[in-house]
Amino acid sequence: MDKKLIVSPSPHIHSNTSTSKLMSDVIIALLPAFVVSIFFFGFNSLIVTAVSVLSCMLFEWLISKYLLKKKPSLTDYSAALTGLLLAFNLPPTLPLWIVVIGALVAIGIGKMSFGGLGCNPFNPALVGRVFLLISFPTQMTSFASTKAVDALSGATPLAFLKEAVKSGKPLSELMGYFSYGDLLMGDKSGSLGEIGAAALLLGFVYLLIRKVITWHIPVYILGTMFVFSGLLWLIDPETYLNPLFQILTGGAILGAVYMATDYVTSPMNYRGMLIYGVGIGIITILIRVWGAYPEGISFAILIMNAVVPLINKYTRPRRFGMVKAK
Amino acid sequence: MLKTFKIGGVHPCDNKLSRGASIEILPLPAKVVIPAAQHIGAPATITVQKGDRVKVGDIIATASGFVSANVHASVSGVVQAVDMQKDAMGIARQSVTIAVEGDEWNETIDRSNDLITECNLSPKEIIDKIAAAGIVGMGGATFPTQVKLSVPPGKKAEFLIINGVECEPYLTADHRVMLEKAPQVLVGIRILCKALGVNHAFIGIENNKQDAIEHLTKEAASYPGITVVPLKVKYPQGGEKQLIDAIVGRQVPSGALPIDVGAVVQNIGTALAVYEAVQKNKPLFERVVTVTGKDLATPKNLLVRIGTPISSLLEYCGGIPDSTGKIINGGPMMGRSLCYPEAPVTKGTSGVLCMNEQESLRETDTPCIRCAKCVSVCPMGLEPYLINVMSRKKMFAELEEHKPTDCIECGSCSFTCPAHIPLLDRIRVAKSEVMKIIRSRK
């Protein structure tokens, strides 16, 4: 044999996963919820999402090429995913120029200012969303109604109940407005991609099967929310919402499964994930029950994102041989 | 639920192409090159000179220390040279080149096929015989077997674990030995038990070798104390520490040896070699090698004399495919790529794998997305991403507490990294630098 052999250290094979495959799997997992959104919100949903995805990709390309002077890497689909997640967190009727501002903040400030993919401490889509929520509170909290909840004049279920409870009405009278079937299938007002709880859970199953994420973070978050709000509900069911209602509304599933599990901004080991997940669950319920915002999970995730470097520093994975020899 | 190890692990596609191929005897080559160092430890001292006539099984190099092993002639003929020859890694090593003439075996070797089950030797005599035969760990680690069997004072072996896992993709040599040489392997295991003074041996076999599990379970029924343990398929289950954890649920602490938890682990091939050495007086001069690859005409399992050029094995299986980009000595996860195909088969050569050019090249790495997959697959519970960054920044003093020295180099981290970062390469750098720091303190 005349030709030269390739010599390299082991391992000589690879699992064939890649960043772009993982990102596109998350995008695929979000598609059922997107279909639900189009079903209830119609064309608006499609337009807002398209604008968000395209502007995120455009800003990523412009900033890498002209500001950071490095090769733009749109092919890893991370910018597209950020755009999709940002859109899922916006009201479907949001003016498009606001969507573009959100995309600029998400990619420009949330991601590229820290050095691009892998370097950002906060979830870029949530940075964009929270920036918009603070800058354009009116537009960001006017939701289109799906057909069944016209009576609620466009408020999200959690916002409606929060106001109603404040004005002294007992919850048992108000709960009649909602059916769990509607909450599960997506027939409620809310952000573009948050409404279809069942569709989002379907995507979760897909992500688990494809081993894109593990169950840990979503289960820790939703479990903590369920237990914490459940305790409050047991104390006073007329003032505090029941736990099932808590996790089916307000973007809890979208946040727990798709936002909090963002690789870059979540902890690096299972013990860290427990602290992170429980933290998000507790903060979400605290904000919902005693804070100013009815939903709260965006803030909870961003707050815990900030703690992740510390969590990584002080938690270690379970090392082999650390168990006591029998 | 099948047993397996508790932390990490990956599932590479097993590609056992030669699973169904019975062991064939490779015709003798024209000459063999036998290196003096085929084991971990001090190279053996060569005792023959150019022009000497040797028979198969004659000793040609003697162990030169406690951790060392004898080397024997694998063919009969005339010693052509005693000089430096390139080994599989391209490094020149002391070797004996023998030109083959006929196939005359040393008279003391019992060449009959009769199974001899009785062994009346004392543990010391058994260990001496194993040492004389130059047996080393045949799974690839090549640690001299007599050293592993000499339990240090104050420690006690409680059981023997036999590694029939063969978790490396492509390799089937142990699988075929279990199917075709079960009685010999079982007698070998009993001899090993006697040498160690233990009553129990467990044979760990992964569930993808159902036929071997059934066959050995049936055969083992007449050998009290030997239990076959089916294991869930997961790489790197053949790692010594992982296998002990999988079978008896004990984890060897960092820096300790299997004997510290009462276990001694030996490979299937080693058990067969022990049988042949103790019962048949046959030193270790041949072994079963899997010759495989997706583009290779006929993947086979071959019984090969030590020192045979790897190229003759490939020739016998249809020749080196034109598409070949890389030839691996061992399996694709932990094997070493060959610098040249004429390198000799040694005691630790469990397989020869041809990979085509497409499979041979690594992808360019992209930024770490902190997905933590490397952390979750590491069977030692390390943090490859962190060691990678610190290794790149040369923070070796700070790295010590992150235990790169615990790394078993299984490659699961690099295998699984979606960003194609060469994590294990950088961990190896960290490992050797941290070892230097630890040694300089002593």
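**Cores**

I looked up the largest nonpolar core and found 226 residues in it. By nonpolar core I mean buried Ala, Val, Leu, Ile, Met, Phe, Trp, Tyr and Cys residues joined through C-beta atoms within 7 Å. Buried means that 20 or more other C-beta atoms lie within 10 Å of a residue's own, exposed means 12 or fewer, and partly exposed lies in between, with C-beta atoms placed from the backbone. The residues with the most contacts inside this core are C56(A), I130(B), L160(B), I161(B), I189(B), V274(B) and L313(B). Helix α1 of chain A, residues 19-41, gives the most to the core, with 10 residues. The core also draws at least three residues from each of domain 1 and domain 2 of chain B. In soluble globular proteins, nonpolar side chains tend to be buried together.

I then noted a second, separate core of 10 residues. F143(A), A155(A), F160(A) and Y240(A) are among them.

I followed I189(B) next. Leaving aside neighbours within four places in sequence, I189(B) is in contact with L160(B), I162(B), A201(B), I226(B) and A271(B). Contact here means C-beta atoms, placed from the backbone, within 7 Å.

**Ground rules**

The model is predicted, so I kept to its thresholds: local features need pLDDT of at least 70, side-chain atom pairs count only at pLDDT 80 or more, and totals for chains, interfaces and linings use all residues. Residues are numbered from 1 along each chain as its sequence is written, while chains are lettered from A and ligands numbered from 1 in the order in which they are written.

**Chain A against chain B**

How many residues does each chain bring to the contact? Chain A brings 31 and chain B brings 51. I sorted the chain A side by class and got 16 nonpolar, 11 polar and four charged residues. Ala, Val, Leu, Ile, Met, Phe, Trp, Tyr, Cys and Pro count as nonpolar, Asp, Glu, Lys and Arg as charged, and the others, Gly among them, as polar.

**Domains of chain B**

The assignment gives domain 1 as 123-280 and domain 2 as 373-441. Such bounds come from an automatic or database domain assignment. Taken over C-alpha atoms, the domain centres are separated by 29 Å. Five residues of domain 1 and six of domain 2 make the contact. The domain 1 side has two nonpolar, three polar and no charged residues.

**Sheets of chain B**

Helices (H or I, at least four residues) and strands (E, at least two) are DSSP runs, numbered from the N terminus. Two strands pair if DSSP finds at least two bridges between them.

I traced an open sheet of six strands in the order β1-β14-β13-β17-β15-β16, with mixed pairing. Its edge strands are β1 (23-25) and β16 (336-337), and each pairs on one side only. Within this sheet, β15 (324-329) and β17 (351-356) pair antiparallel over five bridges. N329(B) stands opposite V352(B) in β17(B). Helix α3 (173-180) lies across β1, β13, β14 and β17, at about 125° to β13(B). Axes are lines fitted to C-alpha atoms, for helices over the stretch in contact, and angles run from 0 to 180 degrees between N-to-C directions.

I also found an open sheet of four strands, ordered β2-β8-β7-β4, with antiparallel pairing. Its edges are β2 (31-35) and β4 (53-54). Nine bridges join β7 (77-86) to β8 (92-100). G77(B) has V100(B) as its bridge partner in β8(B).

Strand β5 (59-62) has two antiparallel bridges to β3 (45-46). β5(B) likewise has two antiparallel bridges to β6 (71-72). A61(B) stands opposite I46(B). In β6(B), the bridge partner of A61(B) is V71(B).

Which peptide bonds did I log as cis? S10(A) to P11(A) is cis, with omega near -5°. P11(A) lies in the segment before α1 of chain A. Y235(B) to P236(B) is cis, with omega near 0°. P236(B) is in the loop between β11 and α6.

N15(B), in the segment before β1, has phi near 45°, a positive value in a residue other than glycine. Is N15(B) buried or exposed? N15(B) counts as buried because it has 20 C-beta neighbours inside 10 Å. E409(B) also has positive phi, near 60°. E409(B) lies in the loop between α12 and α13 and counts as partly exposed because it has 18 C-beta neighbours inside 10 Å.

Terms used. Two residues are in contact if their C-beta atoms, placed from the backbone, lie within 7 Å.
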